[in-house]
Structures are given as C-alpha cells and as structure tokens.
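Please look at the sequence and the 3D structure before reading on.

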Amino acid sequence: MPSTPIPVSQPLPVDQLEAVILDYNGVVGRQPTPDMWSSLAVLAGWPAAQTEAFMRAFWGERAAYDAGELSDRAFWKNLIHGEQAAGREAERIATLRTADTQMWTRTDPAVLKVLRRAHAAGVPMTLLSNAPLPLASALDDTEWCATLMSRTVYSARIRVNKPEGRAYATALAAAGWPAPGRTLFVDDRADNVEAASRLGMRTLHYTGNAAELASRLPQATAAPTAFAA
C-alpha cells in the first residue's frame, strides 16, 4: 500500500558505506497489476466485480502468513469462496499459491541495473523482505537474487515481520554486523524506514526513482553483462 514520503536520512559518502539492506516488493519487485488481482480473486472463487473485497480479505490475513503464523492451507482456505469439490481443495490451494508467487516476482529492470552496478563496485547487499515461504524460495531461486545478494532474510523464516526490531537485527547479523551508521536501508514503506532509522541506520524511502537509489550507492562505471531477472 502507498505511504506518505518521508525525508531521506543524511546521505553517507558512498566510499564509507559498509552494507546495504534492501526491501524486495516496491523496490526490486513490482506491484501486481489490477488484472493480476482480479485473476487471483477469480481463482479463489470470488467474482471479478468483488476484487476489492477480495483484496481487503487478502491483506487482512497476509501479515500472519508473511510471519509464518499461518500455513499455506490456512491462508488460502480462509480466502476461498464457493463450494469445493471433494478432494480438490489441495489442488486449488496449489494453483493459488503458484499464481500468488508469480504475481510478486516481477522485477524492475531500472532497479536491477542500479544494483548490478553496485554489486560490480563491491557493495555487500542483503535482502530483507516480508514474504511467505513459497515466495521466499522463489526469490532465492532467481538469478538476480543469487548473484546480487550476499544473504537473504525473509519474515516467514524468522517468524517476524518488519517493522519489528528483530527483523532488522537479523538482517544486520546476516550482513556481518556492519555499523548501523554505515548501513543503508532501502524500503518503500515509511513505517519500515522509520524503524530502521530509529536503530541508527541510514535510510532511503524509495518512491520509484531509480536515479535517486543510484545516487546513494557506489556505481561501477560499466554495468556487468545483464542476466535474466
């Protein structure tokens, strides 16, 4: 969900940056389209005209799913509408899980270009995302994640969501305990950015400007050979 932009923290000279911790969705990952939401709603048994109601129900359950408090079956069973044919529930849940994962794994080429240049310049990057287990596994299997990220931290695996402090502490530990004041945290949600700032990290509230992100990261003069997103 969109949030009101907040001022970025005082930029750190890029040669003093020890680590970068990045959110996934809304930074590297693109938001699902309205058609994707409608398709997911229909798969769950909701009429396309009730997509907004489906989305409200989806977000009402999602934080618990992201935090590993709900299983796949529990999350999707709570969202499925209509009579279920005997023995078909597992199949329908598998279809919903696949569709959900696919709609969250589209990436922004402009951001990946910036991150490739940062990686080529030697910047250690850690991914910190509120994500359920199926999405976490799918992201780890992408070439961009395996290549660019030194470590990945997902809420369902550590059983806590941002903006809880333990999520940030886990990411800092995964990054090798860089000094918070020499660590840049990037997220599209203001509450997540504010929590990182309270822990002493440099922050960037990302609002879709890849050039602004590039200005906060070391950039190799030539981008490496592109790979599949």
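Does E18 count as buried, partly exposed or exposed? E18 counts as partly exposed, because its relative accessibility is 37% (buried is under 20% relative accessible area, exposed over 50%, partly exposed in between, with a 1.4 Å probe and protein chains only).

This is a predicted model, in which local features need pLDDT of at least 70, side-chain atom pairs count only at pLDDT 80 or more, and totals for chains, interfaces and linings use all residues. Residues are numbered from 1 along each chain as its sequence is written, and side-chain values use heavy atoms, with hydrogens and water left out.

**Total and network**
- The structure holds 10 salt bridges (a side-chain nitrogen of Lys or Arg within 4 Å of a carboxyl oxygen of Asp or Glu).
- A network of salt bridges links D23, K162 and D187.

**Pairs between distant parts of the chain**
- E18 pairs with R182 in a salt bridge, with 3.9 Å between the closest N and O atoms.
- These partners are 164 residues apart: E18 is in the segment before β1 (19-22), and R182 is in the loop between α9 (165-174) and β4 (183-187) (helices are DSSP runs of H or I, at least four residues, and strands runs of E, at least two, numbered from the N terminus).
- R182 is partly exposed, at 33% relative accessibility.

**A pair between two helices**
- D72 and R97 form a salt bridge, their closest N and O atoms being 3.3 Å apart.
- D72 lies in helix α3 (residues 72-77) and R97 in helix α4 (residues 89-103), so the pair ties together parts 25 residues apart in sequence.
- R97 is partly exposed at 27% relative accessibility, and D72 is partly exposed at 22%.

**R88 and E91**
- A salt bridge joins the side chains of R88 and E91, at 2.9 Å from N to O.
- R88 is partly exposed, with a relative accessible area of 43%, and E91 is partly exposed, with 44%.
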